Amino acid sequence: MKTFKRIGILTSGGDAPGMNAAVRAVARVALARGVEVMAIYRGYSGLINGEIKPMGMRDVSNIINRGGTILYSDRCPEFKTEEGMQKAIDTCKKFGIDGIVALGGDGTFRGATDLTAHGIPCVGIPCTIDNDITSTDATIGFDTAMNTVTELIDKLRDTCESHARCNVVEVMGRGAGDIALNTAIASGASAVVVPEFPYSDEGICKRIAAAKKLGKRNFIVIVSEGVGSEYAPALAKKIQETTGVETKFARLAHIVRGGNPTLRDRVLASKMGTYAAEELLRGSSNVVVCEKMNKIVARDINYALILDRMYKGTLKDGDLDKFSEEEIAQMKADIEYKKSHLLDLFTVEHKINL
Ligand code: ADP
Ligand code: F6P
């Protein structure tokens, strides 16, 4: 079995609350095993340019509660080139880094796969507010973002109630409606629009008009950004014209990506970080740490990436060639599980919200 002298940790892609808690866990577990830890700054950019410093037990103190990432993040197109990869490998040799824990989303995991193929074993930790990594039930940052959205909508509701208004609120999530569906339930929204399920402006206006007749004064409509940036402002106009309810539009944008991580994200990050460090040190590579049914497990990164493509309907010719029948069946089961979970949320929202 490979023995490690020095591992690196990096955070890459969009930041997510809880990344720091995961960095802390990885560092503490590795250091306790006598393995040196190097902080790699600005994701793959820092790996290419050698922005690297040793990390001790105390360097990760007082960060479990902090949002963003103390290692900073970056998007690094150069890393996708052979020259960029070669520079990254040279940096690893120069600094004696013989394994990496990479925190980020699917782009980060693609990079980790390439690094592993070039001889640097990598383990990924899924960090994104979007919860759009199908191999895990939850990603680090998702819970915090949902709680932030809920808190902000509670505030909007106060003022909507006072003025008998509607507020159309666009929330982040990239192509995934997870944040929108959950927060629609938690904030008692009058309607929710996500890319995963059909929606109609007429249906939404009817719902608002019917609730108005029942005496409702405040109306919140949550729109996931995945349906397109022009949709939510146009819907706000339409609601006002059709129902006569004065309607405002708010795009919450990056404000929901910052802030102190929730307890749930701190615990998830601590569990995933611990598992990731142990997994790397026991010789695993090219795996991503996932939470399935409340249990932390490791999944092959290639499996996770192709599963996402299958879920999004973007499989390319030959994508499934490397997988056994059992693995393909498992992918289909993972997708069914995810879809039925989202459908449950959508159904509950429709049944109980006015
Ligand atoms: P996320 O990890 O949140 O999905 P990105 O898609 O921006 O964020 O990816 C983060 C970084 O990972 C990119 O800036 C790039 O350096 C690296 N990366 C993304 N896609 C690939 C790829 N196909 N091959 C190698 N590296 C990649
Ligand atoms: O993936 C996280 C996320 O915040 C998405 O919800 C959003 O679509 C995107 O990143 C925004 O990216 P950027 O920070 O580059 O504007």
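Domain bounds here come from an automatic or database domain assignment. In this predicted model, local features need pLDDT of at least 70, side-chain atom pairs count only at pLDDT 80 or more, and totals for chains, interfaces and linings use all residues. Residues are numbered from 1 along each chain as written, chains are lettered from A and ligands numbered from 1 in the order written, and side-chain values use heavy atoms, without hydrogens or water.

**The domains**
- The protein chain is assigned domain 1 (6-141 + 261-315) and domain 2 (144-258 + 341-352).
- In the contact (heavy atoms within 4.5 Å), domain 1 takes part with 13 residues and domain 2 with 14 residues.
- Ligand 2 lies between domain 1 and domain 2 because both give residues to the shell around it.

**The shell around ligand 2**
- Counting residues with a heavy atom within 4 Å, the shell includes Arg75, Thr128, Ile129, Met172, Gly173, Arg174 and Arg257.

**Polar contacts (N or O pairs within 3.5 Å)**
- A side-chain N or O atom of Glu225 is 2.5 Å from an oxygen atom of ligand 2.
- For Asp130, a polar side-chain atom lies 2.6 Å from a ligand 2 oxygen.
- His254 has a polar side-chain atom 2.9 Å from an oxygen of ligand 2.
- The protein buries 75% of the 400 Å² that ligand 2 exposes when taken alone, by the Shrake-Rupley method with a 1.4 Å probe.

Note on methods: Polar contact = N/O pair within 3.5 Å; in protein donor to acceptor, adjacent residues only side chain to side chain.
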